[in-house]
Amino acid sequence: WVQMFEEAARLMRHHYWVEDMAGIDWDAVVARYRPLAARVATRDELHDLIWELNGELGTSHAYVFHDGDQPTPQQRVGHLGADLEPADGGWRVAAVPHAEPSVPGARSPLEPAGVTVGDVIESVDGRPVDPAVGPGPLLVGAAGKVVELGIRSVDGSRRRVAVTPLADERPLRYHAWVAGRRAEVHARTDGRAGYLHVPDMMSAGWAELNRDLRTETRRDALLADFRHNRGGHTSALVLERLAGKVTAWDNPRGFESGTYPMDAPRGPMVALTDQYAGSDGDIVSAGFRQRGLGPLVGTRTWGGVIGIDGRYSLADGTVVTQPRYAFWFVGGLGWSVENYGVDPDVEVPIAPQDWAAGRDTQLEKGVELLLAAIEEHPPARPPSRADRPSRVPPVLGPRP
């Protein structure tokens with residue numbers, strides 16, 4: 001444990017983003033913690049000690065974790081991807097979240113089995129469901145494995161179905177949340193505004209953006225949602241797509257006219273951000289405002305813009321990260337985003353009573369600003385094909 005503690009300290013000394021450790025006397029800090037290293041007895045204690053050591057730098061992205069801390073497949077609880085509630089003789093399916101066909105794992109395993117709202121799950125692999133705690137205990141270790149559910153339908157008939165529980169139902173829940181936000185934006189604007197959510201600045205978030213960009217930018221305005229953005233490295237690409245200006249129109253026969261650049265926003269934009277948008281989520285929030293793409297609505301972002309590459313680990317597989325890539329912003333922000341975040345132009349917190357009522361006050365404010373902006377700045381429209389140039393040849397005069 002002592003050797004791994006010393007190695008973690010050495011890696012930080014040699015790879016921290018600035019050689020003088022931002023003014024911290026690193027050798028003195030390590031010396032103060034070193035006596036505790038000799039008393040470490042478990043990996044968890046070592047991790048706690050390195051966390052505290054790294055915390056002396058007051059810098060984001062200084063992580064300590066071990067891949068072996070994750071549950072094994074045999075330990076994972078299988079998820080049915082549905083809201084359940086107690087019912088006589090089992091647990092009733094109260095709701096099945098919206099599925100996203102383009103994303104593996106974003107579909108409830110109950111759907112292909114024909115289990116719908118109102119059906120009651122009475123048993124799992126022949127064992128009755130506990131009326132107090134539901135089917136969860138019977139699904140331990142069932143993730144990714146076929147199990148048999150005993151179902152009582154609304155009409156009272158009984159049947160048995162085979163399902164494969166999910167190891168992680170977060171993708172399903174996430175896409176159901178996005179679908180709900182998008183439907184609300186469309187409804188509040190009578191279809192005039194589109195909605196995009198970018199969950200991270202990595203391959204998954206980039207795919208989410210590009211899947212929905214074409215349909216949502218066909219509308220008169222766009223609400224870009226960066227809330228809960230987990231960061232990554234694609235913020236420049238995301239901003240490049242959002243900053244596209246319509247400079248021409250492509251007008252093919254039999255199809256709607258399309259913008260050039262392709263999928264460029266046609267009208268005003270508003271972005272949402274919050275305290276859970278961090279790292280590249282901080283950066284994309286700052287970049288949206290710096291480029292004048294529209295107002296930023298929500299709450300101050302996480303405040304961590306000294307990035308990592310995660311290339312080093314200790315002898316037992318513990319991964320330790322060293323903040324290596326510090327961001328400095330033009331426009332007066334400078335170094336200030338680290339440990340502070342990005343302030344929104346319009347601050348809108350979501351109060352506890354709004355969460356309880358299911359109200360998204362940040363989204364509501366964003367829609368309000370978009371509707372006002374549409375009236376002030378009308379969106380780009382494709383040209384009328386009625387005034388296209390004529391190619392009829394001129395009438396020639398009579399021959400002499």
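In which type of crossing does α1 pass α3, right-handed or left-handed? The legends below answer this and describe other close-up views of a predicted model, in which local features need pLDDT of at least 70, side-chain atom pairs count only at pLDDT 80 or more, and totals for chains, interfaces and linings use all residues. Residues are numbered from 1 along each chain as its sequence is written, and side-chain values use heavy atoms, with hydrogens and water left out.

**View 1. Packing of helices α1 and α3.** α1 (residues 2–15) passes α3 (residues 43–55) in a right-handed crossing (the near helix is turned clockwise from the far one by less than a right angle). Their axes come within 11 Å and cross at roughly 25° (lines fitted to C-alpha atoms over the stretch in contact, with angles from 0 to 180 degrees between N-to-C directions). The two helices are therefore roughly parallel (angles under 35 degrees). M4, F5, A8, A9 and M12 of α1 meet L46, L49, I50, L53 and N54 of α3 (heavy atoms within 4.5 Å). By class, this contact has nine nonpolar residues, one polar and no charged (Ala, Val, Leu, Ile, Met, Phe, Trp, Tyr, Cys and Pro are nonpolar, Asp, Glu, Lys and Arg charged, the others polar). Helices are DSSP runs of H or I with at least four residues, and strands are runs of E with at least two, numbered from the N terminus.

**View 2. Packing of helices α4 and α9.** α4 (residues 170–188) and α9 (residues 361–376) pack at about 35°, with axes 10 Å apart. This crossing is also right-handed. R181, E184, V185 and R188 in α4 meet L363, E364, V367 and L371 in α9. The contact comprises four nonpolar, no polar and four charged residues.

**View 3. The largest nonpolar core.** This core has 24 residues, and F226, V238, L242, F288 and F329 have the most contacts inside it (a core joins buried Ala, Val, Leu, Ile, Met, Phe, Trp, Tyr and Cys through side-chain atoms within 4.5 Å; buried means under 20% relative accessible area with a 1.4 Å probe, protein chains only). Elements supplying at least two residues each include α5 (203–216), β9 (221–225) and β12 (269–273). Helix α7 gives the most, with four residues. A second, separate core of 23 residues includes F5, L11, Y33 and L57.

**View 4. Surroundings of helix α7.** Nine of the eleven residues of α7 are buried, so this helix is largely enclosed by the rest of the structure. The buried residues pack against α6, β12 and β13 (296–298). Just after α7, G292 takes a positive phi of about 65°.

Notes. Buried < 20%, exposed > 50% of the residue type's maximum accessible area, 1.4 Å probe, protein only. Parallel < 35°, antiparallel > 145°, perpendicular 65-115°, else oblique.
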